[in-house]
Amino acid sequence: MSSCLIEGIGFIGDSLFFLPLFEKLKREQEFTIVDFICPVLESIEIIKEDNYVDNVFYKNFLPRKDYDKIYKLPPATNWNISVPELFQKACEIKNKSSQFYSKIPKKYLEPIKNLKNIITFQGNW
């Protein structure tokens, strides 16, 4: 049985880019336990929905010493590579992908199910 801990970085948007990492660590690196330190409290519920992450801790968590591997994710400042690929590279994933996904808890979707249009703008993307 092997385990790893990932120390996250960034803000709520970065959390979406973490998600493919958990599956890749379990499938490619064959970790049986994948734990994650989340830097953003608001992201914890979204990350807990992922079937490939075992435990999610808030940023003040002090890791145990018995993890087989601890990965610290870098800031997303290299625009020559997608953010999911950057995080996968930091975790030694060989088959990197720029794709990402999310599982939004149903309780967050209920209030907006009757809305006809959702419009958003992110100025720095």
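A residue is called buried when its relative accessible area is under 20%, exposed when over 50%, and partly exposed in between, using a 1.4 Å probe and protein chains only. By that rule, buried residues make up 32% of the 125 residues in the chain.

This is a predicted model, in which local features need pLDDT of at least 70 and side-chain atom pairs count only at pLDDT 80 or more, while totals for chains, interfaces and linings use all residues. Residues are numbered from 1 along each chain as its sequence is written, and side-chain values use heavy atoms, with hydrogens and water left out.

**Stop 1: the whole chain**

Colour the chain by secondary structure. Helices (H or I, at least four residues) and strands (E, at least two) are DSSP runs, numbered from the N terminus. There are 4 helices and 4 strands, and from the N terminus their order is β-α-β-α-β-β-α-α. A contact means heavy atoms within 4.5 Å. Among contacts with a separation of 6 or more, 62% join residues 24 or more positions apart.

**Stop 2: the sheet**

Select the strands. Two strands pair if DSSP finds at least two bridges between them. The 4 strands form an open sheet with parallel pairing, in the order β3-β2-β1-β4. Because β3 (55–58) and β4 (69–72) each have a single partner strand, they stand at the edges, and one side of each has no neighbour in the sheet. The twist from one strand to the next averages 20°; axes here are lines fitted to C-alpha atoms, for helices over the stretch in contact, and angles run from 0 to 180 degrees between N-to-C directions.

Glu-7 has Ile-37 in β2 as its bridge partner, and Ile-6 stands opposite Phe-36 in β2. How many of the residues of β2 are buried? The count is 5 of its 6 residues.

**Stop 3: helix α1**

At Phe-18, α1 bends by about 25°, and Pro-20 follows within four residues. The bend at a residue is the angle between axes fitted to the seven residues ending there and the seven starting there. The buried residues of α1, including Asp-14, Phe-17 and Lys-26, pack against β1, β2, α2, β4 and α3.

**Stop 4: the core**

A nonpolar core is a set of buried Ala, Val, Leu, Ile, Met, Phe, Trp, Tyr and Cys residues joined through side-chain atoms within 4.5 Å. In the largest one, with 23 residues, Ile-6, Leu-21, Phe-22, Leu-25, Phe-36 and Ile-47 touch the most other members. The largest share, 6 residues, comes from α1. Select Ile-6 and show its contacts: among them are Leu-21, Phe-22, Leu-25, Val-34, Tyr-71 and Leu-73.

**Stop 5: Gln-88**

Finish in helix α3, where Gln-88 lies. Is Gln-88 buried or exposed? Gln-88 is buried, with a relative accessible area of 1%. Leaving out residues up to four places away in sequence, Gln-88 touches Pro-20, Leu-21, Lys-24, Ile-93, Asn-95, Lys-96 and Ser-97.
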